[in-house]
Amino acid sequence: MEQFHGESLSWELKNGVVELALHREPCNEIGGLTLEELEKFVSALDSFKDSAHALLIHSQMKPGFCAGADLRELYHRSLELERKEAVRGVRDYLERIHKVMNAIDAAPLTTIAAVHGVTFGGGFELALVCDLIIADKMARFCFPELRLGLIPGFGGIPRLKRDLGNAVVRDLLLTGRSFNATKAQQIGLVSQVVSEGEALRAARATATQLSKFDRRTAAAAKEFIKPIPYEELRREIDIFCELFLQPAVQAGLRKFVESEDAQPYLP
């Protein structure tokens with residue numbers, strides 16, 4: 001399937017580059033529908049291996065790249081289920097999203113996230129599965145989960161540990177504060193910072209540059225330098241599920257859901 005247009009995302013293969021565009025209002029929150037469409041995309045990934053050399057993920061939403069998981073949906077679903085069923089539902093959801101993230105992480109294509117604005121929580125984790133992150137100067141990166149009594153659940157901690165030093169990982173995880181694009185580049189999280197609104201253009205230019213290299217060599221190099229921490233990823237799911245039904249988490253989710261702020265995920 002060379003192209004697809006869904007309710008939350010779309011993709012198209014053109015000139016050897018697969019562009020995956022996120023377009024769910026207000027800021028690409030990842031809920032059940034987005035997950036289903038991401039699973040559809042991952043099922044199509046294998047068909048691109050002979051016709052594409054790069055994958056580019058970007059957002060068409062003005063507020064940013066992605067605000068993370070759809071916490072309102074997660075909270076309301078948990079209220080509808082008994083305790084054990086709620087945990088089982090959360091685990092199933094996390095295992096599905098991890099399967100999607102791992103597939104993109106391991107894809108033989110060189111993957112580029114073109115980010116702007118809000119790149120928080122699960123959105124940050126989606127960017128982290130990519131080989132390169134190109135950010136416009138207004139991008140901000142954050143793991144706000146600790147404010148809810150949780151840890152990131154889409155694979156963020158193991159992937160940050162893979163890519164950065166522990167001091168940075170602890171800072172992002174334990175303080176909940178955000179980093180701007182300049183700081184992100186200084187610590188090695190972002191490969192390129194560009195002017196506001198220019199991330200997609202820069203990512204496309206990079207994808208064009210990648211076409212000059214042998215695909216098999218690029219895939220072999222990626223596999224060598226970017227191991228996937230499967231064991232730590234599984235442990236992350238276990239810890240998230242252990243925490244999910246704690247009173248502090250339910251109180252934090254309720255406060256988030258009841259907030260009248262248009263963007264309650266902002267620091």
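**Reading a strand, a sheet and a helix**

Mentor: Threonine 111 has 0% relative accessibility and therefore counts as buried; buried means under 20% relative accessible area, exposed over 50%, and partly exposed in between, with a 1.4 Å probe and protein chains only. The model is predicted, so local features need pLDDT of at least 70 and side-chain atom pairs count only at pLDDT 80 or more, while totals for chains, interfaces and linings use all residues. Residues are numbered from 1 along each chain as its sequence is written, and side-chain values use heavy atoms, with hydrogens and water left out.

Trainee: In which strand is threonine 111 found, and which residues does threonine 111 touch?

Mentor: Threonine 111 belongs to strand 6 (residues 110–115). Helices (H or I, at least four residues) and strands (E, at least two) are DSSP runs, numbered from the N terminus. Not counting residues up to four places away in sequence, threonine 111 touches Leu55, Ile104, Val129, Cys130, Asp131, Leu132, Lys222 and Lys226; contact means heavy atoms within 4.5 Å.

Trainee: In what sense do strand 6 and strand 8 pair, parallel or antiparallel?

Mentor: Strands of a sheet pair through backbone hydrogen bonds, either parallel or antiparallel. Here strand 6 and strand 8 pair in the parallel sense over 4 bridges, where pairing requires that DSSP finds at least two bridges between two strands. Isoleucine 112 has leucine 132 of strand 8 as its bridge partner. Strand 8 (residues 132–136) is largely enclosed by the rest of the structure, because 4 of its 5 residues are buried. Strand 8 also runs parallel to strand 11 (residues 192–194), joined by 3 bridges, and aspartate 136 has valine 194 of strand 11 as its bridge partner.

Trainee: What is the order of the strands in the open sheet?

Mentor: The 7 strands follow the order 1-2-3-4-6-8-11, with mixed pairing. Strand 1 (3–5) and strand 11 are the edge strands, each pairing on one side only. Strand 1 runs antiparallel to strand 2 (residues 9–14), and 3 bridges join them; glutamine 3 has glutamate 12 of strand 2 as its bridge partner.

Trainee: Where do the buried residues of helix 11 lie, seen down its axis?

Mentor: An α-helix has 3.6 residues a turn, so residues three or four places apart point the same way. In helix 11 (residues 247–258), the buried residues are Val249, Gln250, Gly252, Leu253, Phe256 and Val257. Seen down the axis, these fall within an arc of 160° and so line one face of the helix; the arc is that of the directions from the helix axis to the C-beta atoms. On the other side, Pro247, Ala248, Lys255 and Glu258 are exposed. The buried residues of helix 11 pack against helix 2 (71–80) and helix 10 (230–244).

Terms used:
The expected span of a helix is 1.5 Å times one less than its number of residues.
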